[in-house]
Amino acid sequence: AAGRETRLRETRGTSLVDPTRAWLHWQVTPLNWSAPVQVRALLRTSACNTRLTRTRAYEGRHLDVEPAATDEGVAVLARTTDGTRCVRVESRLQCAGASVDAAESDPTALVQQQTLGAQAGRAFDIGLQVRELAAGEAPAAAAPAGHAALAAAQREAWHTLWQHAHIEAPGGDALARGCRLC
């Protein structure tokens, strides 16, 4: 609506601790408005690569995508049809005070939907995680670590790394600290 101001803070990462994991996290804060907000996470369960010449032998189906067990949110497993790769994609809406709505019936996607009463100055979070599974590795049914735990592990890993490395930069310690990402 006109005149509504919203702050969006986005954090993306690939894990130094677990190189098979990546995440995306949004923190949304309504600045000057309060109203009901509907948040939807949708993961496609149909995948086709019809435009790539090298995948034409797969008749556009290079991936087998299926729903995956999860304690929270929605998740899919995507396996290459030749079985060489498997990726778990999980979306978890983390909206404090939100009610979980009935998911839409969609044969091509998993949908998680929540409605919350957004309040001016009060943030809510939305997160997405991706993890590549090793060949033959079974996906865990339990929900993966949340954004705060992933970020804390990442900070600790960088801190440990920089205990054994050193950067000198013209301009002093402030510039060197910025280069070290901690």
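## Reading a predicted model, step by step

Q: Which residues does Q154 touch, not counting residues up to four places away in sequence?
A: Contact means heavy atoms within 4.5 Å. With residues up to four places away in sequence left out, Q154 touches T14, S15, L16, V17 and W23.

Q: What should I know about the model before we go on?
A: This is a predicted model, in which local features need pLDDT of at least 70 and side-chain atom pairs count only at pLDDT 80 or more, while totals for chains, interfaces and linings use all residues. Residues are numbered from 1 along each chain as its sequence is written, and side-chain values use heavy atoms, with hydrogens and water left out.

Q: How many helices and strands does the protein chain have?
A: Helices (H or I, at least four residues) and strands (E, at least two) are DSSP runs, numbered from the N terminus. Here the protein chain has two helices and nine strands. Read from the N terminus on, the order is β-β-β-β-β-β-β-β-β-α-α. Our friend Q154 belongs to helix α1, which spans residues 147–162.

Q: Is Q154 buried or exposed?
A: Buried means under 20% relative accessible area, exposed over 50%, and partly exposed in between (1.4 Å probe, protein chains only). Q154 has a relative accessible area of 14%, so it is buried. Across the protein chain of 182 residues, buried residues make up 31%.

Q: How do I read the pairing of strands, say β1 and β2?
A: Two strands pair if DSSP finds at least two bridges between them. Strand β1 covers residues 6–14, and strand β2 covers residues 21–30. These two pair in the antiparallel sense over nine bridges. They form a hairpin, with six residues between them.

Q: Which other strand does β2 pair with in the antiparallel sense, over eight bridges?
A: That partner is strand β9, residues 124–133. Here W23 stands opposite Q129 in β9. Strand β2 is mostly covered, with seven of its ten residues buried.

Q: Where is the bridge partner of L63?
A: L63 has its bridge partner, T80, in β5. Strand β4 (residues 63–67) and β5 pair in the antiparallel sense over five bridges. Strand β5 (residues 74–80) is mostly covered, since six of its seven residues are buried. T80 itself is buried because its relative accessible area is 10%. T80 and V65 are 15 residues apart in sequence and 8.8 Å apart in space, C-alpha to C-alpha.

Q: How many salt bridges does a search of the whole structure find?
A: A salt bridge is a side-chain nitrogen of Lys or Arg within 4 Å of a carboxyl oxygen of Asp or Glu. The search finds two. In one, E10 joins R12, with the closest N and O atoms 2.9 Å apart. In the other, R21 joins D18, and the closest N and O atoms are 3.8 Å apart.

Q: What are the relative accessibilities of E10, R12 and R21?
A: E10 is at 38%, so it counts as partly exposed. R12, its salt-bridge partner, is at 63% and counts as exposed. R21 is at 15%, and therefore counts as buried.
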